[in-house]
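Please have a look at the sequence and the model first.

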Amino acid sequence: MSLPTALFKSLSRIKKDLKEDIDAVFNRDPAARNSLEVILTYPGIHALVLHRGAHYLWNHEQKLAARVISYGSRIITGIEIHPAAKIGRRFFIDHGMGIVIGETAEIGNDVTLYHGVTLGGVSWNNGKRHPTLEDGVIVGAGAKVLGPFTVGKGAKIGSNAVVVKAVPAGATMVGSAARMISDHHDEKGNPIVKKVDDAKQQEKVAQAASTDNGIDKKSIDEKATNRSARETAFQAYGIDPSSQDPVAEAFAKMLEHIQQSENRLDQLQAAMCKIDPNFCKKEYDKLCLEDIDVIGRADIDEIGAEQK
């Protein structure tokens, strides 16, 4: 192949890759307005273009030049990508500051990384030390993925999670150390084989259990469903827009539990009064929510409405 032909094909490929990268930005960042702005002001695009050049030099035994380009990219963009790292198509880095991608890391197509992500290793041995991210993986801000394992297709890693073991396809990892929340796997990553498909049968069992225990579980089930939906919804920055202050939310849960206990005590007291009328003369002080400032007025009204 002649030099002009090879150069033309190389330029065509670079143009095609850059167009895909820009399209990926528009698909995943609502703040992007036009292609020129993306090319000039998005550090993720700059880091990706420079990495492709550094990666080419690294594979052609120009390792010093590759490292120089990588270091320059780090200075300019705040994103450190080792020249040997393998990166697929339509890779999107949002904001980018503080991202570190190690030497043996492999990234598939349509992967998204937010700022502060580390794809690192936990060993000083030669060979595979860094993670492999398959197609469509999303890694939230500040997350650390450490070790030579695979994160499956379409998996999501929440903000500030620390992941040190393999992640099945489609799973969501949250927390430090990260735990899995998935409809198809348990927290250890084992597939859930047996599931009850008959929703009506489940409902009948739940109703029978609530009848036997004398407890109305409808509101409890609704709260559990809403809480589960909130916890399993992946947020790249680790924040659910509907979430309250975590301290206030924790106090609200404790107060709700206390009031449930008080209601149960009232039922027991009513039963004891039938046996011993004098027992009803002994009252106990109940918790007054108005005296606790951390709970807002709306929370108090909501809890009161639930009790009625």
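Let me begin with a definition: a residue is called buried when its relative accessible area is under 20%, exposed when that value is over 50%, and partly exposed in between, using a 1.4 Å probe and counting protein chains only. By that rule L50, with a relative accessible area of 30%, is partly exposed.

A word on where the values come from. This is a predicted model, in which local features need pLDDT of at least 70 and side-chain atom pairs count only at pLDDT 80 or more, while totals for chains, interfaces and linings use all residues. Residues are numbered from 1 along each chain as its sequence is written, and side-chain values use heavy atoms, with hydrogens and water left out.

Now back to L50, which sits in helix α3, residues 43-59; helices here are DSSP runs of H or I with at least four residues, strands are runs of E with at least two, and both are numbered from the N terminus. Together with Y71, I75 and I76, L50 makes up a nonpolar patch on the surface, and the accessible area of the four together is about 430 Å². Such a patch takes residues with over 30% relative accessible area and no salt bridge, and it joins nonpolar side chains (Val, Leu, Ile, Met, Phe, Trp, Tyr) within 5 Å, whereas like charges are joined within 9 Å. The areas themselves come from the Shrake-Rupley method with a 1.4 Å probe, and for residues only the protein chains shown count as cover. Which helix gives the most to this patch? That is helix α4, residues 63-77, with three residues.

A cavity is found on a 1 Å grid over the protein atoms alone, as a set of points where a 1.4 Å probe fits but cannot get out, and a lining residue has an atom within 4 Å of a point. The volume of the largest cavity is about 40 Å³, and the structure holds one cavity of 30 Å³ or more.

Let us turn to the interior. In soluble globular proteins, nonpolar side chains tend to be buried together. In this model the largest nonpolar core has 29 residues, and I101, L113, V139, V151 and I157 are those with the most contacts inside it. There is also a second, separate core of seven residues, including I22, V25, I45 and F92. A core here means buried Ala, Val, Leu, Ile, Met, Phe, Trp, Tyr and Cys residues joined through side-chain atoms within 4.5 Å.

Next come the charged pairs. How many salt bridges does a search of the whole structure find? The search finds eleven, where a salt bridge is a side-chain nitrogen of Lys or Arg within 4 Å of a carboxyl oxygen of Asp or Glu. One of them joins the side chains of R90 and E20, at 3.5 Å from N to O. This pair links distant parts of the chain, 70 residues apart, with R90 in the loop between β2 (86-87) and β3 (92-93) and E20 in helix α1, residues 3-28. R90 is partly exposed at 24%, whereas E20 counts as buried at 15%.

Another salt bridge forms between D21 and R52, whose closest N and O atoms are 2.7 Å apart. D21 lies in helix α1 and R52 in helix α3, so this pair ties together parts that are 31 residues apart in sequence. D21 counts as buried, with 1% relative accessibility, while R52 is partly exposed at 28%.

I will finish with two residues in loops. H95, between β3 and β4 (100-101), has a positive phi near 70 degrees although it is a residue other than glycine. N160, between β12 (156-157) and β13 (162-163), is not a glycine either, and its phi is positive at about 65 degrees.

Key:
1 Å grid on protein atoms, 1.4 Å probe; cavity = no way out; pocket = protein on both sides within 12 Å on 5 of 7 lines; lining within 4 Å. Points joined across faces, edges and corners; volume = space filled by probe spheres on them.
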